[in-house]
Amino acid sequence: MAPETIPYDMSTSIVPENMHDMANNPEQMKEGIEWLMQKFQATSAQEPSQEQGTLLLRIGSYERTIGELEKAQKHIQAAREIFRKLGNSEFIIAADLRLATTYIYKGLLDLSENLFLECIKKITESPLDHKSQLLEYALTNYAKLFFERRHYQTCAKKLVEALELKLIMGDPQSIATQQKLIDMAQTMNSLSQKTPKTDNRTAS
């Protein structure tokens, strides 16, 4: 069942400097987050459910986009705990991938990389219903970690791997966005070959 459509502008653009997602209309996205939170609160007195976990996961992802990183981490971790109680291994991985992406935004790159590698191992070794979607998301966001570290060639390679999965799934808009990311990585790689390397960020 597809998630309910949020009646606010939740669209994003890519920040060229770091490949982070940026809200096109931050105020509208905040309204959308509040709308989702009201949906969650209406179910919060019930036993843990898939709906609760999915709502928290969406809330945390949007909070990350508007820079509310502590709230994002808190809500994604809460979603993960619900999925753990429900025994939903696919959504545990989905939560971990969003947590790893949040760590990138917080500059915790080593912590992020460890979690991405753990997730990718689980995805490739487990019989999952949505293996391709999870692996594509993992590779795309893992690639952004290498962009953050200025390892542009590796970033582009991971993005191409993810693009191959997107081509199989056949989402034209998603494919176009992925190609834009690849172009950004390749452009930065070319520029980096012409200028001295300064600092490779690996802070955690």
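The model is predicted: local features need pLDDT of at least 70, side-chain atom pairs count only at pLDDT 80 or more, and totals for chains, interfaces and linings use all residues. Residues are numbered from 1 along each chain as its sequence is written, and side-chain values use heavy atoms, with hydrogens and water left out. Helices (H or I, at least four residues) and strands (E, at least two) are DSSP runs, numbered from the N terminus.

**Helices α1 and α2**

- Helix α1 covers residues 26–41 and helix α2 covers residues 50–65; their axes are 9 Å apart and the packing angle is about 160°. Axes here are lines fitted to C-alpha atoms, for helices over the stretch in contact, and angles run from 0 to 180 degrees between N-to-C directions.
- That angle makes α1 roughly antiparallel to α2. The angle classes are roughly parallel under 35 degrees, roughly antiparallel over 145, roughly perpendicular from 65 to 115, and oblique for the rest.
- The crossing of α1 past α2 is left-handed, a label used if the near helix is turned anticlockwise from the far one by less than a right angle, with right-handed used if clockwise.
- On the α1 side, the residues that meet α2 are Met29, Ile33, Leu36, Met37, Lys39 and Phe40. Their partners in α2 are Gln52, Leu55, Leu56, Arg58, Ile59, Tyr62, Glu63 and Thr65. Contact means heavy atoms within 4.5 Å.
- Sorted by class, this contact of α1 with α2 holds nine nonpolar, two polar and three charged residues. Ala, Val, Leu, Ile, Met, Phe, Trp, Tyr, Cys and Pro count as nonpolar, Asp, Glu, Lys and Arg as charged, and the others, Gly among them, as polar.
- Pro26 is found in α1 and is partly exposed, with a relative accessible area of 39%. The accessibility classes are buried under 20% relative accessible area, exposed over 50%, and partly exposed in between (1.4 Å probe, protein chains only).
- From Pro26 to Tyr62 the C-alpha distance is 9.9 Å, across 36 residues in sequence.

**Helices α3 and α4**

- The axes of α3 (residues 69–86) and α4 (residues 89–106) come within 9 Å and cross at roughly 165°, which means that α3 is roughly antiparallel to α4.
- As α3 passes α4, the crossing is left-handed.
- The α3 side of the contact is made by Leu69, Glu70, Ala72, Gln73, Ile76, Gln77, Arg80, Phe83 and Arg84. From α4 come Phe91, Ile92, Ala95, Asp96, Arg98, Leu99, Thr102, Tyr103, Tyr105 and Lys106.
- This contact of α3 with α4 has ten nonpolar, three polar and six charged residues.

**Cysteines**

- Searching the whole structure turns up zero disulfides (pairs of cysteine sulfur atoms within 2.5 Å).
- For Cys119, the nearest cysteine sulfur is that of Cys155, 18 Å away. Cys119 is buried, at a relative accessible area of 1%.
- Cys155 is likewise in no disulfide, and it counts as buried at 0% relative accessibility.

- Leu145 sits in helix α6 (residues 131–148) and is buried at 0% relative accessibility.
- Beyond its neighbours within four places in sequence, Leu145 is in contact with Ile104, Leu109, Ser112, Glu113 and Phe116. Leu109 is 36 residues from Leu145 along the chain, and their C-alpha atoms are separated by 6.8 Å.
- Ala185 lies in helix α8 and is buried at 0% relative accessibility.
- Leaving aside neighbours within four places in sequence, Ala185 is in contact with Met19, Phe147, Tyr152, Cys155, Ala156 and Leu159. Met19 is 166 residues away along the chain, with 9.2 Å between the C-alpha atoms.
- Asn189 is also found in helix α8, which covers residues 172–194. Asn189 counts as buried at 19% relative accessibility, and its contacts beyond neighbours within four places in sequence are Tyr152 and Gln153.

**Positive phi values**

- Most residues other than glycine have a negative phi.
- Met19 has a positive phi near 65°. Met19 is placed in the loop between β1 (12–14) and β2 (21–23) and is buried at 0% relative accessibility.
- Arg150, which is not a glycine, has a positive phi of about 70°. Arg150 lies in the loop between α6 and α7 (152–169) and is partly exposed at 34% relative accessibility.
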